[in-house]
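Hi everyone, thanks for coming. Let me put the structure up on the screen, and then we can walk through it together.

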Amino acid sequence: VFAGIILPLMLSCLLRLRQLPGGQALVFTPLCICFGSDSLALFAGMLFGKRKLAPRVSPKKTVEGGVGGLLGGVAGMAVLKGALALLARLSWYQGPSLGWRTVILLGLLGGLAGELGDLSFSVIKREFDVKDYGKLLPGHGGVLDRFDSVVFTAPMIYYLAVLLL
């Protein structure tokens, strides 16, 4: 039921973001947050990880990696802010300009949603005794493992964009 109904509904928020004013840029928001969060969480966890975050759910995730993930979400938004600033110099660009408060707020909240998504999908994998969701991306756990955090982040960013922008 989750995979057939909830998953497409949550990911459809990427399309909804695209349909908002300035959506050509907004659609990249959950992607930048999640990719930045996932990357920095991995490196922070490898370098500084000592305390387990949720050992029964995902034994390799650490509290330090979780903090790195939140900072990575902000870093991903900062990269997007820089890209949007460059695009703003073009006469045809009609997208939003993001202030630093918005960058930090969306980065932290999006990073948190992404980590919850990642842990939620880990619970599902543990429940069904599945190591990876597929073999298309060897060593990465499959395509869904790359987008598990986006599934939770996209709806949150969509509704925040509707409220804030």
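Among contacts in the chain between residues at least 6 apart in sequence, 69% join residues at least 24 apart; contact here means heavy atoms within 4.5 Å. A word on the source: this is a predicted model, where local features need pLDDT of at least 70, side-chain atom pairs count only at pLDDT 80 or more, and totals for chains, interfaces and linings use all residues. Residues are numbered from 1 along each chain as its sequence is written, and side-chain values use heavy atoms, with hydrogens and water left out.

So what is the chain built from? There are six helices and two strands, and from the N terminus on they run α-α-α-β-β-α-α-α. Helices (H or I, at least four residues) and strands (E, at least two) are DSSP runs, numbered from the N terminus. Of the 165 residues, 39% count as buried, that is, under 20% relative accessible area with a 1.4 Å probe, protein chains only.

Now to helix 4, residues 63-88. Its 26 residues reach 38 Å from first C-alpha to last, close to the 38 Å expected at 1.5 Å a residue; the expected span is 1.5 Å times one less than the number of residues. Its buried residues include G65, G66, G68, G69, G72, G73 and G76, along with M77 and L80. What covers the buried residues of helix 4? The cover includes helix 2 (23-26), helix 3, strand 2 (58-62) and helix 5.

Let's look at two of those together. Two packed helices are described by the angle between their axes and the distance between the axes. The axes of helix 3 (residues 29-48) and helix 5 (residues 100-127) come within 9 Å and cross at roughly 70°. That makes helix 3 roughly perpendicular to helix 5, a label for angles of 65 to 115 degrees. Axes, by the way, are lines fitted to C-alpha atoms, for helices over the stretch in contact, with angles from 0 to 180 degrees between N-to-C directions.

Which residues meet there? From helix 3 come T29, I33 and S37, and from helix 5 come L106, G107, G110, G111 and E115. They divide into two nonpolar, five polar and one charged, with Gly counted as polar.

Take T29, in helix 3. At 2% relative accessibility, T29 counts as buried. Leaving out residues up to four places away in sequence, T29 touches M77, L80, L106 and I157.

Finally, just after helix 5, D129 takes a positive phi of about 55°. Thanks, everyone!

Methods
Parallel < 35°, antiparallel > 145°, perpendicular 65-115°, else oblique. Buried < 20%, exposed > 50% of the residue type's maximum accessible area, 1.4 Å probe, protein only.
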